[in-house]
Amino acid sequence: MTGLGAIEIKTFVPARDYELSRRFYADLGFTEKSEFEGVAYFALGGCSFLLQHFYRQMHADNFMMHLLVDDVDAWHQRLTEQDIVGRYATHGVRMNAPGDRPWGMRDFHLIDPTGVLWHIGHNTR
């Protein structure tokens with residue numbers, strides 16, 4: 001059947017402080033491709049998401065993203081060198097050290113200014 005192919009899937013990431021979150025994601029390395037009426041389109045390589053000026057605590061506290069990268073240790077080192085946690089600590093940003101997981105992943109966790117939990121990692125298998 002023609003016309004039923006999928007092209008892309010993106011999620012809408014909530015933002016408690018929209019302008020702060022836009023700066024945070026730019027500092028992480030994402031490029032803001034467009035912004036219109038409280039929705040900013042961010043991309044990095046072939047990955048993208050939509051940051052929205054929307055916040056409900058229950059939603060944000062249960063929202064997770066997974067970013068598969070080439071080298072998780074390089075990512076962690078860059079974010080540490082940028083002092084991403086120190087620069088955004090008053091906004092609740094936290095990050096742990098990379099670790100190997102039994103399901104074949106090495107990753108670390110990063111919590112954004114809204115409370116969204118990011119799993120950033122690479123496959124070890």
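Here are some notes on this predicted model, taken one region at a time.

1. Let's start with the four-stranded sheet. It is open, its strands run in the order S1-S4-S3-S2, and the pairing is mixed. S1 and S2 (31–36) are the edge strands, each with a single partner, so one side of each has no neighbour in the sheet. On average, neighbouring strands here are turned by 30 degrees against each other, direction ignored.

2. S4 (residues 47–52) is worth a look. Of its 6 residues, 5 are buried, so the strand is largely enclosed by the rest of the structure. On one flank, S1 (residues 12–14) runs parallel to S4 and is joined to it by 3 bridges. Phe 12 has Leu 50 as its bridge partner in S4, and Val 13 has Leu 51.

3. S4 also pairs with S3 (residues 39–44), this time in the antiparallel sense, over 6 bridges.

4. Now for the packing. The largest nonpolar core has 27 residues, and those touching the most other members are Tyr 25, Phe 49, Leu 51, Leu 110 and Trp 118. Elements giving two or more residues to this core include H1 (18–28), S3, S4, H3 (72–81), S8 and S9 (117–123). H1 gives the most, with 5 residues.

5. Which residues of H3 are buried? They are Val 72, Trp 75, His 76 and Leu 79. Looking down the axis of H3, the buried residues fall within an arc of 95 degrees, so they line one face of the helix.

6. Asp 71 caps the N-terminal end, with a side-chain oxygen 3.0 Å from the backbone nitrogen of Asp 73. Just after the helix, Asp 83 takes a positive phi of about 55 degrees.

7. The side chains of Arg 106 and Asp 73 are joined by a polar contact of 3.0 Å. Not counting residues up to four places away in sequence, Arg 106 also touches others, among them Val 72, Pro 98, Asp 100, Ile 120, His 122 and Thr 124.

8. Last, a loop residue: is Thr 114 buried or exposed? Thr 114 lies in the loop between S8 and S9, yet its relative accessibility is 1%, and because the cut-off for buried is under 20%, Thr 114 counts as buried. The Thr 114 side chain reaches the backbone nitrogen of Arg 16 at 2.9 Å. Setting aside residues up to four places away in sequence, Thr 114 touches Pro 14, Ala 15, Arg 16, Ser 21, Tyr 55 and Ala 60.

Definitions and conventions: Residues numbered from 1 in each chain as written. Predicted model: local features only at pLDDT ≥ 70, side-chain atom pairs only at ≥ 80, totals over all residues. Heavy atoms only, no water. Polar contact = N/O pair within 3.5 Å; in protein donor to acceptor, adjacent residues only side chain to side chain. Contact = heavy atoms within 4.5 Å. Buried < 20%, exposed > 50% of the residue type's maximum accessible area, 1.4 Å probe, protein only. Pairing = 2+ DSSP bridges. Axes fitted to C-alpha atoms, helices over the stretch in contact; angles between N-to-C directions. Core = buried A, V, L, I, M, F, W, Y, C linked by side-chain atoms within 4.5 Å. Arc of directions from axis to C-beta.
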